[in-house]
Amino acid sequence: GIALLLVNFISEKREKAFSDMNLVLSGNINNSNEEIIEANTSEEENTEEYYVYEAYLGYIEIPKINLYKGFYSKDSNLNNVKINLYIMPTSTYPDQENGNFIIAGHSGNYSNSYFKDLYLLDKNDEINIYYNNIKYIYQITKIYLQDKTGTINIYRNLDKSSLTLITCTENDNTHQTVYIAELINKE
């Protein structure tokens with residue numbers, strides 16, 4: 001039992017140090033139509049134990065919940081919900097007109113639970129994505145639950161550039177919460 005606790009403690013400290021190092025080295029210290037995507041965000045999807053350092057591709061910032069976290073490219077082995085935020089393979093990047101940037105993340109009480117406070121968000125709250133030296137400002141338009149089946153229905157306006165966040169529902173083991181936001185500005 002003590003060995004298991006020690007391994008979890010060391011893993012959490014390692015991941016925190018790794019994330020902090022990435023922020024420093026990256027130069028950043030501080031209506032609707034339906035899409036159906038595969039949403040297998042289980043920890044079994046990537047069993048690699050060795051990760052190669054690389055710089056973050058961009059950052060998500062949610063001022064209301066004090067979240068500022070980097071993310072990796074879709075083809076990086078660090079793009080893994082087990083240790084980071086996960087950019088879904090069917091996702092487009094923020095610079096694609098009318099695209100959908102889809103990020104999944106864990107909620108809960110673990111070091112990799114970057115989306116643990118998403119349940120505090122409401123419609124009209126803003127989310128910023130920093131990508132290719134541009135700040136993309138999104139506003140939440142919908143929040144809804146989906147059964148955990150391995151597939152997510154995304155209800156969004158296909159004529160708008162969107163951001164979709166997916167995480168487990170607070171105090172509910174059978175649903176995921178989907179947050180749909182639409183692009184309102186670029187800086």
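Visitor: Of the 187 residues of the protein, what percentage count as buried?

Guide: In this predicted model, 45% of the 187 residues count as buried, while the protein exposes about 10,100 Å², of which carbon and sulfur atoms supply 49%.

Visitor: What is the order of the strands in the open sheet?

Guide: Eight strands form this open sheet, with mixed pairing and the order S3-S2-S6-S7-S10-S9-S5-S4. Strand S3 (67-71) and strand S4 (86-87) stand at the edges, and because each has a single partner strand, one side of each is left without a neighbour in the sheet. As a case of parallel pairing, strand S5 (residues 100-104) is joined to strand S9 (residues 162-168) over five bridges, with Asn 100 opposite Ser 162 in S9.

Visitor: Which residues touch the most other members of the largest nonpolar core?

Guide: In soluble globular proteins, nonpolar side chains tend to be buried together. Here the largest nonpolar core has 24 residues, and those touching the most other members are Ile 60, Ile 62, Ile 103, Phe 115, Ile 129, Leu 163 and Leu 165. At least two residues of this core come from each of S2, S3, S5, S6, S7, S9 and S10. A second, separate core of 11 residues includes Tyr 86, Met 88, Ala 104 and Ile 154.

Visitor: Leaving aside neighbours within four places in sequence, what is Ile 103 in contact with?

Guide: With those neighbours left aside, the contacts of Ile 103 include Ile 60, Phe 115, Ile 129, Leu 163 and Leu 165, and among them are also Leu 85, Tyr 86 and Thr 164.

Note on methods
Residues are numbered from 1 along each chain as its sequence is written. This is a predicted model: local features need pLDDT of at least 70, side-chain atom pairs count only at pLDDT 80 or more; totals for chains, interfaces and linings use all residues. Side-chain values use heavy atoms; hydrogens and water are left out. Two strands pair if DSSP finds at least two bridges between them. Helices (H or I, at least four residues) and strands (E, at least two) are DSSP runs, numbered from the N terminus. A nonpolar core is a set of buried Ala, Val, Leu, Ile, Met, Phe, Trp, Tyr and Cys residues joined through side-chain atoms within 4.5 Å. Buried means under 20% relative accessible area, exposed over 50%, partly exposed in between (1.4 Å probe, protein chains only). Contact means heavy atoms within 4.5 Å. Accessible areas come from the Shrake-Rupley method with a 1.4 Å probe; for residues, only the protein chains shown count as cover.
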